Amino acid sequence: MTEGKNKYQTRRDFVKKTGNIIVAAPLLLIPVALAKKMSVSGYVWQIDPFKCTQCGQCKTNCVLTPSASKCVHAFRMCGYCDLCGGYLRQGVKTISTAAENQLCPTGAITRKFVEEPYFEYTINENLCDGCAKCVKGCADFGNGSLYMQIRHDRCVNCNDCSIARSCPSDAIVRVAASSPYIQKDKGKNNE
Amino acid sequence: MEHRENKPRMKKNLPVILFMLFLFWHSVLKGQDRFPRPEFESGYVYATNQMPAQRAGAWEYFDVVVLICALIVTTWLALKKRSRQGLIWMSVFSLLYFGFYRQGCICSVGSVQNVSLALFNDGYTIPLSALLFFIIPLLFALAFGRVFCAGVCPLGAIQELTGFKPLKLPKTIEIVLTSVPFIYLALAILFASTNSQFIICRYDPFIGIFRLDAPYTMIVFGALLLLSGIFVNRPYCRYLCPYGVLLNIFSRFAGKHLTITPAECTNCRLCEEACPYDAIVPADTDQDREVQPEPRKQFILYFLLIPLITISGGIILYNLAPTLSGVNSTVRLAREIRLEKMTGIESVLKTVTAFKESGKTETELFAEEGLIIRQFRKASKWAGIFLGLSLGIGMVSLVIRNKRSEYKPHKGKCYSCGRCFKYCPIKVTS
């Protein structure tokens with residue numbers, strides 16, 4: 001075939017057409033290949049509290065300041081102790097709500113008397129900065145009812161979660177967007 | 001004798017002992033219930049936690065719809081309306097919506113990693129919206145050129161809007177720098193497919209600006225890129241963007257593409273200096289061409305070099321695999337543990353502490369490390385082949401001279417930004 005005989009049958013045109021097909025084919029094959037590995041609802045990031053080692057990296061490594069990860073209290077796991085490892089600093093002289101006795105640096109935990117000898121501890125999410133100090137205290141000395149969770153009203157759901165990258169115990173996992181929290185007291189909900 | 005009698009009893013009781021041990025161990029593992037749950041008498045009601053959900057999943061598909069609409073409008077503005085002004089407004093919209101409102105996630109640039117992670121890992125399911133964000137701009141590139149870059153990509157938009165004083169870089173520097181995105185893409189796919197890291201997201205320079213919050217180093221990097229972008233337009237798009245490589249390849253086969261002139265090119269050469277991205281290929285007719293036997297020889301030489309470069313690229317990256325696998329956190333942890341054993345100095349890394357607390361054995365960890373390195377060897381070979389092949393083809397394309405009778409945008413490099421429109425003296429009134 002001689003070049004230029006027909007405007008649309010030159011060698012260059014042929015190369016272009018073939019290239020077009022070669023390039024388009026894998027693009028259309030990708031959805032086919034991924035058909036089984038696709039989720040319509042997507043996923044969000046969450047801290048697996050059973051893997052968490054309370055290192056406090058998620059306070060500093062989140063792209064948001066303050067971090068999207070905050071402390072959550074599983075009330076049904078709590079012992080409602082007077083001497084609370086999550087509320088009081090280690091080695092306090094008196095058990096009271098005085099600021100110098102509190103472990104939480106932002107004073108985000110409120111302590112309320114319920115009945116003798118029980119006290120209720122509530123996290124104020126607005127004050128909590130996700131330092132995980134109380135979580136560590138509770139895990140070391142208590143029932144482990146305080147735990148870290150990524151709060152999805154704050155989380156921007158990065159494609160590459162930056163606290164997942166820095167988590168030393170690989171505790172940050174992708175979970176289905178339909179059930180975005182891993183609640184520690186899930187099985188204990190019924191009385 | 002007693003001893004002998006004891007043994008069978010031990011053997012008989014072994015399952016029971018093991019079971020008791022298991023129960024004990026289980027209570028240690030699960031048993032943070034040091035204090036029993038109190039039985040309240042005062043009628044205390046357990047408080048409940050507010051667990052706010054993400055914004056509804058339907059919004060992600062709204063983003064996809066916005067993406068498609070933005071692409072259609074940009075295509076119309078670039079190819080039909082030929083309005084630079086319109087494209088600028090489109091950039092403003094995308095910057096505000098995809099950038100500042102959606103805070104840059106998910107973007108098409110990063111979705112490359114989701115796709116490669118999903119393709120090579122069974123444990124990961126890709127969100128459909130991420131897949132759509134990956135494919136739709138490429139389909140548009142295949143049909144109309146890089147309209148995605150022109151007015152839809154928020155990263156492109158922020159640079160397009162800040163590129164005030166375009167300067168041209170020397171050709172050699174330009175060619176060397178444009179090879180960086182290929183390496184970036186190859187590494188990004190390599191790291192994502194081995195489930196190690198999403199480097200494109202991690203080193204996204206402008207996401208900190210969209211969120212008004214980022215690590216200090218990334219803010220500095222982003223600011224420096226924007227500052228240099230005032231003079232060297234779109235530095236990220238040209239010298240870093242990995243998705244741009246794909247768009248570049250796809251756009252070369254575009255069915256329709258933006259044209260500099262609305263009608264017939266008269267070779268007036270007024271647009272010659274118009275493009276800050278060096279994406280205008282000048283007319284090259286037979287009259288200007290000197291008779292040179294050299295290019296043909298060079299062409300044959302480079303063409304024969306392609307397989308050689310490809311294979312050596314594969315070999316080099318294959319041998320680099322253990323080094324590259326250092327980006328994987330498991331491999332890093334295993335190396336740290338090995339170093340700790342070798343030197344006898346206890347590591348202070350939090351990962352090491354967490355590993356020791358986790359109860360995983362070192363053999364398990366080292367086995368996992370070996371598996372990951374093997375994955376890296378398998379994948380990096382292909383990354384090397386891709387890099388070698390693109391280098392080879394790039395070298396060949398340097399010596400190819402096309403016969404052209406008009407000034408045309410280079411289909412691969414052109415961002416369809418429309419800066420050249422105003423340089424063309426031909427106006428069509430209809």
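Some ground rules come first. Residues are numbered from 1 along each chain as its sequence is written, and chains are lettered from A, with ligands numbered from 1, in the order in which they are written. Because the model is predicted, local features need pLDDT of at least 70 and side-chain atom pairs count only at pLDDT 80 or more, while totals for chains, interfaces and linings use all residues.

Confidence next. pLDDT is the predictor's confidence in each residue, from 0 to 100. Chain A averages 86, and 93% of its residues score at least 70. Chain B has a mean of 87, with 92% of residues at 70 or more. Among the elements of chain B, helix H1 (residues 2–30) has the lowest mean pLDDT, 62. Helix H9 (residues 180–193) of chain B has the highest, 95. Helices here are DSSP runs of H or I with at least four residues, strands are runs of E with at least two, and both are numbered from the N terminus. For the complex, the predictor gives an ipTM of 0.84 and a pTM of 0.87.

How do the chains meet? Two residues are in contact if their C-beta atoms, placed from the backbone, lie within 7 Å. 53 residues of chain A are in contact with 55 residues of chain B. On the chain A side, H1(A) gives the most, with 9 residues. That side divides into 27 nonpolar, 18 polar and 8 charged residues. Nonpolar means Ala, Val, Leu, Ile, Met, Phe, Trp, Tyr, Cys and Pro; charged means Asp, Glu, Lys and Arg; the others, Gly among them, are polar.

Now look inside chain B. Is H5(B) mostly covered or mostly uncovered? Mostly covered: 12 of its 17 residues are buried. Buried means 20 or more other C-beta atoms within 10 Å of the residue's own, exposed means 12 or fewer, and partly exposed lies in between, with C-beta atoms placed from the backbone. The buried ones include Phe133(B), Phe134(B) and Pro137(B). After H5(B) comes Gly145(B), with a positive phi near 85°.

Next, a helix pair. H16 (residues 329–343) and H17 (residues 350–358) of chain B pack at about 85°, with axes 10 Å apart. So H16(B) and H17(B) are roughly perpendicular, a label for angles of 65 to 115 degrees; under 35 is roughly parallel, over 145 roughly antiparallel, and the rest oblique. Their contact includes Leu333(B) and Ile337(B) of H16(B) and Phe355(B) of H17(B).

Most residues other than glycine have a negative phi, and most peptide bonds are trans. Which bonds are cis? The one from Thr65(A) to Pro66(A) is, with omega near -10°. The one from Glu116(A) to Pro117(A) is too, with omega near -5°. Pro117(A) lies in the loop between E4 and E5 of chain A.

Tyr80(A) has a positive phi of about 50°, though it is not a glycine. Tyr80(A) is buried, with 20 other C-beta atoms within 10 Å. Leu212(B) has a positive phi near 55°. Leu212(B) is exposed, with 10 other C-beta atoms within 10 Å.

Notes: Axes are lines fitted to C-alpha atoms, for helices over the stretch in contact, and angles run from 0 to 180 degrees between N-to-C directions.
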